[in-house]
Amino acid sequence: MNDTTIHDLGYRRYDGAREGVRGAWRALFAQGFRAMFGLGRPLKSKAVPVFALAATMLPCLATLAASSATKGQLPIMYGNLIESQLILFVLFAAAQAPEVMSHDQQHRVLPLILTRDVTRDVYASARIAAVLGALLVVCAAPLLLLYIGEIGIAVDPAMAFRQMGTKAGPVLMQATLTAWVIGSIGAAMASMTARRSYATASVIGVFLVAAAISIGLDDLAGVSADVSGFIDPLRSLHKMALMLFGEKTRAMELAPPPPLWMFAALALSLGATGVLATVWRLRRVRV
């Protein structure tokens with residue numbers, strides 16, 4: 001139960017329209033989404049978002065240019081490009097999620113936000129949605145660029161559009177699940193502390209630890225590569241991308257991976273765990 005009240009200190013009263021919970025949710029979401037990209041903030045706040053978008057888009061442009069120069073003889077491999085971009089998505093989440101999840105705790109403004117209609121669950125859902133929405137934009141941008149660019153450089157774009165209709169689903173699914181996993185884990189770790197530097201380190205640390213454990217298990221006899229791969233979220237997302245776009249590595253040819261639904265279920269479970277951890281933390285944070 002929310003016991004927070006607003007005391008009349010003699011300031012001018014607000015006479016405008018009161019939009020209730022929905023208006024408060026939209027305001028919290030919009031402010032959080034803008035903060036993820038540094039909009040309305042100093043120029044240095046936009047450095048990481050611009051770098052993340054540029055670093056993920058430029059390799060896609062180079063791939064499209066190479067494929068166009070060879071008249072399609074050089075195939076566009078979505079999975080290989082995604083592998084190098086996943087760490088950039090993590091860096092974006094680590095740098096920007098604390099701006100949304102830790103900022104209010106650090107500056108002690110939660111008592112001003114959690115008043116009357118705005119409950120902790122409303123606040124948590126708006127902030128989580130802002131982080132996930134921003135990650136979805138960043139994750140979808142390079143994939144959509146590849147998809148649209150592959151159609152544009154074709155000799156017959158209309159025919160290429162008809163033939164590539166089956167790739168629209170994998171593009172949206174990969175972008176959504178990638179944003180869901182990285183965004184939810186990033187939001188959960190960032191909400192655990194009010195210090196931005198600690199939050200950033202914890203987001204990067206949880207992915208590094210998972211990768212280290214996964215690599216360590218690969219060197220142990222008797223441990224399946226599939227089991228060790230499931231421990232590392234980025235490794236699982238990469239393998240899921242390869243399967244979604246019908247691409248294979250030498251290792252996948254020698255040892256077929258588990259079915260696609262297992263990777264999708266793992267991604268959904270990891271994201272749900274991150275969301276629940278964020279809500280749990282924000283329900284218990286002191287104001």
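Okay, so before we start: when I say buried, I mean a residue with under 20% relative accessible area. Keep that in mind, and also that this is a predicted model.

Let's begin with the cysteines. C139 sits at 2% relative accessibility, so C139 counts as buried. C60 is at 0%, so that one is buried too. Are they bonded, or apart? Well, the sulfur of C139 has its closest cysteine sulfur in C60, and that's 12 Å off, which is too far for a bond. Across the structure you'll find zero disulfides.

Now on to A35. You'll spot A35 in helix α1, which covers residues 20-36, and with a relative accessible area of 6% A35 is buried. Who does A35 touch, leaving out residues up to four places away in sequence? That would be Q96, E99 and V100. And look at A97: 62 residues from A35 along the chain, yet their C-alpha atoms are separated by 8.8 Å.

Next, the rings. The whole structure has six aromatic pairs. One of them is F37 with F92, a tilted pair, 5.8 Å centre to centre with 40° between the planes. F37 comes from the loop between α1 and α2, and F92 from helix α3, 55 residues apart. Both F37 and F92 are buried, and they belong to one aromatic cluster along with W25, F29 and F33.

Another pair is F230 and F263: ring centres 5.2 Å apart, planes at 55°, so that one's tilted as well. Here helix α10 supplies F230 and helix α13 supplies F263. F263 is buried at 5%, while F230 is partly exposed at 21%.

Notes
Residues numbered from 1 in each chain as written. Predicted model: local features only at pLDDT ≥ 70, side-chain atom pairs only at ≥ 80, totals over all residues. Heavy atoms only, no water. Disulfide = S-S within 2.5 Å. Buried < 20%, exposed > 50% of the residue type's maximum accessible area, 1.4 Å probe, protein only. Helix = DSSP H or I, 4+ residues; strand = E, 2+ residues; numbered from the N terminus. Contact = heavy atoms within 4.5 Å. Phe/Tyr/Trp six-rings, centres within 6.5 Å; stacked < 30°, edge-to-face > 60°.
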